[in-house]
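Please open the structure in your viewer and keep the selection tool at hand.

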Amino acid sequence: MSLYPLTAHALLDAFKSGKASAKEAYEDVLGRIKAVEPKVKAYVRQAKTSPDFSGGLPIPIALKDNLCTKQEEITCASRILKGFISPYDGGVIERVKKSGGVIVGFANQDEFAFGSSCETSCYGPTFNPWDLQCVPGGSSGGSAAAVAADEAVWALGSDTGGSIRQPASFCGIVGMKPTYGRVSRYGLIAFASSLDQIGPLTKDVRDCALLMNIIAGYDERDSTSVNEPVPDYTKALVNDVRGLKIGIPKEAFAEGLDPEVRASLEAALALLKKLGAAVKEVTLPHTPYAVATYYIVATAEASSNLARFDGVRYGLRAQPVKARKNALVDMYEETRSRGFGPEAKRRIMLGTYALSSGYYDAYYLRGQKVRTLIKNDLDEVFKDCDAIITPTSPTVAFKIGEKTSDPLSMYLSDIYTIPANLAGIPAISIPGGFSKSGLPIGLQLMGKAFDEEMLLRISYTYEQNTEWHTRKPKL
Amino acid sequence: MSISKKDVKYVAALARIDLPEEDLEGFTQTLGKIVHYVEQLQKLNLDNVKPTSHAVPVGNVFRSDAVKPSLTNSQSLAIAVEAKDGCFKVPLVIE
């Protein structure tokens, strides 16, 4: 029996009944990596620490290359951090290790999570397992591709504007961004601190609940971590949506929505209605401004967070070829110019511009105010709805190289996912169909803060009544 | 408002990035396009709207002022570009 295609819960059943061992599962996944990794390139490096199979949930896991893991090289897919060996475990990594998780390796991503396609990585792109000509999405594209290609049983990613959900959608798997504060950010290399959140990428909704049980919870080392009780998320896996109210924003049918994605969304609405949910048209009038708001707020925070990479203490230090200003400034500039790729430079400069004297009020402060309006829109809808449904992305996976020359068109692919980050609420992407060309289509559900259970319940019900999640790419 | 090459040079210097002349044109164009796109926020009336810096408001978070186990000196210095006498060795700052 092949073990690598199985979900985590199926593997745990097999371990329990003695049909397979954790070591066999791990070795089977390594065999799968050997077979398909040359095509997919989901990983940037294998874990160095030798696996321990004695824990309670010894599931092979892939970690995004921005999650600090003790004695492992962690680089955020950037030249500026090459060779950085983390001296400590982040909060989620401690939890994964405590649960018995077996770390397989570190997955590719856009450099510092700046991108929606995995193409800005200093290691080169990851390829979509469903069509190797296409991107896997981003920024957690390596994590999503690893799970979709069965090179990991599940994975962790981080989501600042859709970086878990959009690649999950492009790769035909489940991806959840939890409520801001639900999961510790301690040890996550920061992109935009008020938006970043770590979350699971899994083969089905039950696995998403299981991985949430492992990673969710308070951590005093993250001052934005929220000390709220953590439920058993598997209890939310109820195949019943009767009486629930699901909002569909009329803004979701905006220009740029692919007709096949739209058709999948409409089919999902019809199915949820048939299963007893009430579907109600709602409005989020300020969401058309979400992308503009995000690219001010996120880049401003990024420019500040990335100021620490200066060659002084750790990471790359590059010596200037010729003297320009003074020795110290020349070293800073040489290090940052050689260490950061073009998209990182672009975002750092954009954020610096939005925060610079004379522009702060016009850009950053204005962005934060529009953020309030977007959050108010969502609060208003949630007074009367249990969840909101939209597509995850306006299109299916695009071709490698298609959007690299036009950053703005790349940014617009996050139009549906960004509002949840700005408002801090949880959101999930689940497999919702396939295009005629055979590429996965994702559906997004957004919920009230700390109501991940509602998203899991609706997703589970949808999944139990469809078969999209059972399909596998041919590799 | 459009972005000029001079603006990009200025911002690059603030961000401690040395942009070679041949990259300046490309960054001026892409940044100009993005700044033009975000200009749409100027259309909104934001009088009396409070800014949101964190979506989930958390007040001041305190912990007890107690010593806890942390990284040792040698663990911390293992990541240093240069280390000397138990310290991070940094480039000369004041000449």
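Select strand 7 (residues 245–249) and strand 8 (residues 278–282) of chain A: the two run parallel and are joined by 5 bridges. The model in view is a predicted one. To place the pairing, display K245(A), whose bridge partner in strand 8 of chain A is A278(A). Strand 7 of chain A is mostly covered, with 4 of its 5 residues buried.

Continue to T283(A), which lies in the loop between strand 8 and helix 8 of chain A. Is T283(A) buried, exposed or partly exposed? With 13 other C-beta atoms within 10 Å, T283(A) is partly exposed, because a residue counts as buried at 20 or more such atoms and as exposed at 12 or fewer. The C-alpha atoms of T283(A) and E251(A) are 6.7 Å apart in space, while the two residues are 32 apart in sequence.

**The sheet as a whole**

Now select the strands of the sheet in chain A. There are 11 strands in this open sheet, in the order 1-3-2-4-6-5-10-11-9-7-8, and their pairing is mixed. At the edges stand strand 1 (43–46) and strand 8 of chain A, each of which pairs on one side only. On average, neighbouring strands of the sheet are turned by 30° against each other, direction ignored.

Within this sheet, select strand 2 (residues 60–64) and strand 4 (residues 154–159) of chain A, which pair in the parallel sense over 3 bridges. Here L63(A) has L156(A) in strand 4 of chain A as its bridge partner. Keep L156(A) selected and look across to strand 6 of chain A, where P200(A) stands opposite. Strand 4 and strand 6 of chain A pair in the antiparallel sense, over 5 bridges.

Strand 6 (residues 197–202) of chain A has 6 of its 6 residues buried, so it is largely enclosed by the rest of the structure. Strand 6 of chain A also pairs with strand 5 (residues 174–177) of chain A, in the antiparallel sense and over 2 bridges. In that pairing, V174(A) has T202(A) in strand 6 of chain A as its bridge partner.

**The loop between strand 3 and helix 4**

Next, select F112(A), in the loop between strand 3 and helix 4 of chain A. F112(A) is not a glycine, yet its phi is positive, at about 55°. With 30 other C-beta atoms within 10 Å, F112(A) is buried. C118(A) is also placed in the loop between strand 3 and helix 4 of chain A. C118(A) has a positive phi of about 70° although it is not a glycine, and it counts as buried with 34 C-beta neighbours inside 10 Å.

Move on to S139(A), in the loop between strand 3 (102–107) and helix 4 (141–148) of chain A. The peptide bond from G138(A) to S139(A) is cis, with omega near 10°.

**Helix 8 and its partners**

Select helix 8 and helix 10 of chain A. Their axes are 7 Å apart and the helices pack at an angle of about 100°; helix 8 and helix 10 of chain A are therefore roughly perpendicular to each other. Among the residues that meet are Y295(A) and I296(A) in helix 8 of chain A, and R347(A) and I348(A) in helix 10 of chain A. The residues of this contact divide into 8 nonpolar, 4 polar and 1 charged.

Then display helix 8 (residues 290–305) of chain A with helix 2 (residues 21–38) of chain B: the packing angle is about 120° and the axes are 9 Å apart. That makes helix 8 of chain A oblique to helix 2 of chain B. Their crossing is left-handed. A292(A), Y295(A) and I296(A) meet I34(B), Y37(B) and V38(B) in this packing. By class, the contact has 6 nonpolar, no polar and no charged residues.

**The wider interface**

Finally, select the residues at which the chains touch: 56 residues of chain A are in contact with 42 residues of chain B. Among the elements of chain A that give two or more residues to this side are helix 8, helix 9 (327–339) and helix 10 (342–355). Which helix of chain A gives the most? Helix 11 of chain A does, with 11 residues. The residues on the side of chain A that touches chain B divide into 29 nonpolar, 14 polar and 13 charged.

Notes
Residues are numbered from 1 along each chain as its sequence is written. Chains are lettered from A and ligands numbered from 1 in the order in which they are written. This is a predicted model: local features need pLDDT of at least 70, side-chain atom pairs count only at pLDDT 80 or more; totals for chains, interfaces and linings use all residues. Axes are lines fitted to C-alpha atoms, for helices over the stretch in contact, and angles run from 0 to 180 degrees between N-to-C directions. Angles under 35 degrees count as roughly parallel, over 145 as roughly antiparallel, 65 to 115 as roughly perpendicular and the rest as oblique. A crossing is left-handed if the near helix is turned anticlockwise from the far one by less than a right angle, and right-handed if clockwise. Two residues are in contact if their C-beta atoms, placed from the backbone, lie within 7 Å. Ala, Val, Leu, Ile, Met, Phe, Trp, Tyr, Cys and Pro count as nonpolar, Asp, Glu, Lys and Arg as charged, and the others, Gly among them, as polar. Two strands pair if DSSP finds at least two bridges between them.
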